[in-house]
Amino acid sequence: MPSLGRLHLITDTRAGRRPLAVLGAVLPVAHAELVVQVRVEDGATDRQAYDLARRVVELCRPYEVSCLVNDRLHVALAVGADGGHVGADDLPVTAARRVLGPAAVLGATAREPVTATAAVSAGASYLGVGPYRATSTKDGLPPAIGAAGVRAVAEVVGVPVLAIGGVTGEDVRALRAAGAYGVAVVGALSGADDPARTAAALIRELTC
Ligand SMILES: Cc1ncc(COP(=O)(O)OP(=O)(O)O)c(N)n1
Ligand SMILES: Cc1ncsc1CCOP(=O)(O)O
Ligand SMILES: [Mg+2]
């Protein structure tokens, strides 16, 4: 399995957002450090998820950027994505691993050490850990865990930990010091005035 990129761009499909335009701007500056996770709103149809994922895979291919699909693993398989991401309301990690196969990248959400180690034992190849801080991008999240919460997980697992939830470039130094391998972001890129510049800055912070 190739090494995992440190910057995970999660698509923002909320009204008024332009996920493909943002991706098109970021891809040329992101090189090997980018991973794209296709995430659609819960109310989106499978066809909508499939159409977006297919276009994302096509856009990523020339740059050799990995593409994952959130929640809907049949969509991941259908578009030839590199893997998927599951959380507490999705398929259990063991089942997800069975669906995707041994070579796929499989991410799991964890917010504390016990669920994190269980997810890794069940076959997760990386963990999305958060919410790092409060965010308006996803409703119904539990309280923020901060850098201490990220550290508590990173200390007990041997797979890459990605911090998620309200993360910006200014957080990267503290998150790396807490043991995070990388970050997963929606709003930091989707809402940026210049997504390419913001992505380049994030990657600089993640790799220096
Ligand atoms: C990298 C990463 N980490 C966490 C999540 C959240 O997954 P989940 O808890 O299943 O919530 P939804 O994204 O499905 O609403 C993620 N998608 N990616
Ligand atoms: C999907 C998800 N899971 C935990 S926080 C989050 C949203 C992250 O979005 P943002 O980077 O805009 O806070
Ligand atoms: Mg999910």
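## Strands, helices and a loop

Helices and strands here are DSSP runs, numbered from the N terminus. A helix needs at least four residues, and a strand at least two. With that in hand, take Tyr181. Tyr181 lies in the loop that runs between helix 7 (172-177) and strand 8 (182-185). The model is predicted.

## The chain as a whole

The chain has nine helices and eight strands. Its C-alpha trace spans about 40 × 35 × 35 Å along the principal axes. The radius of gyration is 15 Å. A compact globule of 208 residues would come near 17 Å, so the chain agrees with that picture.

Of the 208 residues, 50% count as buried. Now take the contacts between residues at least 6 apart in sequence. Of these, 60% join residues at least 24 apart.

## The annotated domain

An unreviewed UniProt entry carries the annotation "domain: Thiamine phosphate synthase/TenI" for residues 8-189. Over residues 8-189, the chain is 38% helix and 19% strand.

## Around ligand 1

Ligand 1 is surrounded by 15 residues. Gly87, Thr109, Gly128, Ile164 and Ala184 are the closest. Two strands can be picked out in the shell around ligand 1: strand 5 (105-110) and strand 7 (161-164) each supply at least two residues.

## Around ligand 2

Ligand 2 has 14 residues around it. Thr135, Thr137, Gly165, Val186 and Gly187 come nearest. The shell around ligand 2 divides into seven nonpolar residues, six polar ones and one charged.

## Back to Tyr181

Is Tyr181 buried, exposed or partly exposed? Tyr181 has 19 C-beta neighbours inside 10 Å. A buried residue needs 20 or more, and an exposed one has 12 or fewer. Tyr181 therefore counts as partly exposed.

Which residues does Tyr181 touch, leaving aside its neighbours within four places in sequence? Tyr181 is in contact with Arg6, Pro160, Val161 and Leu162. Gly140 gives a contrasting view. Gly140 and Tyr181 are 41 residues apart along the chain, and their C-alpha atoms are separated by 26 Å.

Key
Residues numbered from 1 in each chain as written. Chains lettered and ligands numbered in written order. Predicted model: local features only at pLDDT ≥ 70, side-chain atom pairs only at ≥ 80, totals over all residues. Near = placed C-beta within 6 Å. Nonpolar A, V, L, I, M, F, W, Y, C, P; charged D, E, K, R; others polar. Contact = placed C-beta atoms within 7 Å. UniProt positions renumbered as here; feature names shortened; annotations may be inferred. Rg over C-alpha atoms; globule rule 2.2 N^0.38 Å.
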